[in-house]
Amino acid sequence: ESADQSRDEKLQQICQLLSDEVEVFDWVGFYIVDPNAERELVLGPYVGEPTDHTRISFGKGICGQAAETNKTFVVQDVSQADNYLSCSIHVKSEIVVPVKKDGKFIAELDIDSHTKDAITGDHQLLLEEVCGKVARLF
Ligand code: SME
């Protein structure tokens, strides 16, 4: 079993746990910086409906902006976001949290909700803590 496989199994479990435990989390997944491409994210483990956005360039959409700025993005109403990539017409709000290794952006956790204004400050704190721990898997 490769190191990547073991990492991805753990990331998959984290997605499953968050999706099972938090009612308003309808899609939970990781995007990981592609080591073989310049400033591109590739879809990693996720729970939810399949998405067309399996590769996202830095700067594109909420995911790409979080990658570019290395900051958490919270969008409470995606219909008001101008730089947004739609995965499903059901999605109403979204949070993207960077995973940083020694301060450097290496991946991100992306969560979509079918409920508008679903993302709380407590969700953000929890997810930032999770991402802090996830960094150790890379
Ligand atoms: N909505 C994201 C794209 C990823 S899907 O939500 C899974 C964005 O705007 O970057």
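This is a predicted model: local features need pLDDT of at least 70, side-chain atom pairs count only at pLDDT 80 or more; totals for chains, interfaces and linings use all residues.
I started with aspartate 112: one of its polar side-chain atoms lies 2.8 Å from an oxygen atom of the ligand. That passes as a polar contact, meaning a pair of N or O atoms within 3.5 Å. Taken alone, the ligand exposes 300 Å², and the protein buries 100% of that (Shrake-Rupley areas, 1.4 Å probe).

Residues are numbered from 1 along each chain as its sequence is written, and side-chain values use heavy atoms, with hydrogens and water left out.

A polar backbone atom of isoleucine 62 is 2.9 Å from a ligand oxygen, and one of leucine 85 is 2.7 Å from a ligand nitrogen.

I found Trp27, Tyr31, Gly61, Ile62, Cys63, Tyr84, Leu85, Cys87, Glu94, Asp110 and Asp112. They split into seven nonpolar, one polar and three charged, with Gly counted as polar and Trp, Tyr and Cys as nonpolar.

Which element gives the most to the shell? I got α2, with three residues. At least two residues each come from β1 (27-33), α2 (61-69) and β6 (104-113); helices here are DSSP runs (H or I) of at least four residues, strands (E) of at least two.

Last stop was aspartate 34, in the loop between β1 and β2 (40-47). A polar atom of its side chain lies 2.8 Å from the backbone nitrogen of asparagine 36.

Notes:
A residue is near a molecule or strand if one of its heavy atoms lies within 4 Å of it. A polar contact is a pair of N or O atoms within 3.5 Å; within protein, one must be able to donate a hydrogen and the other to accept it, and residues adjacent in sequence count only if both atoms are side-chain atoms.
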